[in-house]
Amino acid sequence: MGNSALIVIDMINAYDHPDAELLVPSVRAVLPQLTRLIDRARAEGVPVIYANDNFGEWRSHHGEIIETTLAGKNAELVESILPDDDSLFVVKARHSIFYETPLSYLLSQLGADHVVLCGQVTEQCVLYSALDAHIRQLRVTVPEDAVAHIHGDLAEAALRMMERNMSATVRTADTVAF
């Protein structure tokens, strides 16, 4: 057993994209579990890494992404899960948290061989990130009640794929072992 890292995927979000209407109800449903998971990771000294889309704003940095989100109409969806001073932040451009980002290097510097993936979207970014983590021989845990989806049926299939094809541990947020 090695070290774990909690990775919060794409939760710093203004929800002003075409799928937002379908996504927001799921985000509201998982937010309490996600908040508890982040709080528990911090309390246990587990690194919390935010891997977030920059929404095509290549000159932006994480502070600007947060400011834009808090100025949006759904700020309440991010207020309880904002990065703290100890959080790490990786800006991503595509679905996978690993694609063209320094995340692999960061995890190796942390000595992490286990990632807990939470956030959104289960059937997109979480799924592709789990595959890329598996390819990198990282152990993967996905708290099924701390990942939001656009399409429930696809999210269920994605969770099954992660568990079956990527050897991911799928469990509830309150039972995640770091």
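Which residues does Asn-3 touch, not counting residues up to four places away in sequence? Taking contact as heavy atoms within 4.5 Å, the list is Leu-110, Gly-111, Ala-112, Asp-113 and His-114. This is a predicted model, so to speak plainly about its limits: local features need pLDDT of at least 70, side-chain atom pairs count only at pLDDT 80 or more, and totals for chains, interfaces and linings use all residues. Residues are numbered from 1 along each chain as its sequence is written, and side-chain values use heavy atoms, with hydrogens and water left out.

Asn-3 sits in strand E1, residues 3-9; helices (H or I, at least four residues) and strands (E, at least two) are DSSP runs, numbered from the N terminus. The side chain of Asn-3 gets to the backbone oxygen of Gly-111 at 3.4 Å. With a relative accessible area of 42%, Asn-3 is partly exposed, given that buried means under 20%, exposed over 50% and partly exposed in between (1.4 Å probe, protein chains only). Glu-76, by contrast, is 73 residues along from Asn-3 and 32 Å away, C-alpha to C-alpha.

Now for the interior. A nonpolar core here is a set of buried Ala, Val, Leu, Ile, Met, Phe, Trp, Tyr and Cys residues joined through side-chain atoms within 4.5 Å. The largest one has 31 residues, and Leu-6, Val-8, Met-11, Tyr-15, Leu-37 and Ile-38 have the most contacts inside it. At least two residues of this core come from each of E1, helix H1 (20-43), strand E2 (48-53), helix H2 (62-70) and strand E4 (112-120), with H1 giving the largest share, 10 residues. Among the residues that Leu-6 touches are Leu-37, Ile-38, Val-116, Cys-118 and Phe-178. A second, separate core has 28 residues, including Ile-9, Val-90, Val-142 and Ala-168.

What about the cysteines? Counting a disulfide as a pair of cysteine sulfur atoms within 2.5 Å, the total is zero. Cys-118 is in none, its nearest cysteine sulfur being that of Cys-125, 13 Å away. Cys-118 is buried at 0% relative accessibility, and Cys-125 is buried too, at 8%.

Finally, helix H4 (residues 122-135) and helix H5 (residues 152-165) have axes that come within 9 Å and cross at roughly 5°. H4 is therefore roughly parallel to H5. Axes are lines fitted to C-alpha atoms, for helices over the stretch in contact, with angles from 0 to 180 degrees between N-to-C directions; under 35 degrees counts as roughly parallel, over 145 as roughly antiparallel, 65 to 115 as roughly perpendicular and the rest as oblique.

Terms used. A polar contact is a pair of N or O atoms within 3.5 Å; within protein, one must be able to donate a hydrogen and the other to accept it, and residues adjacent in sequence count only if both atoms are side-chain atoms.
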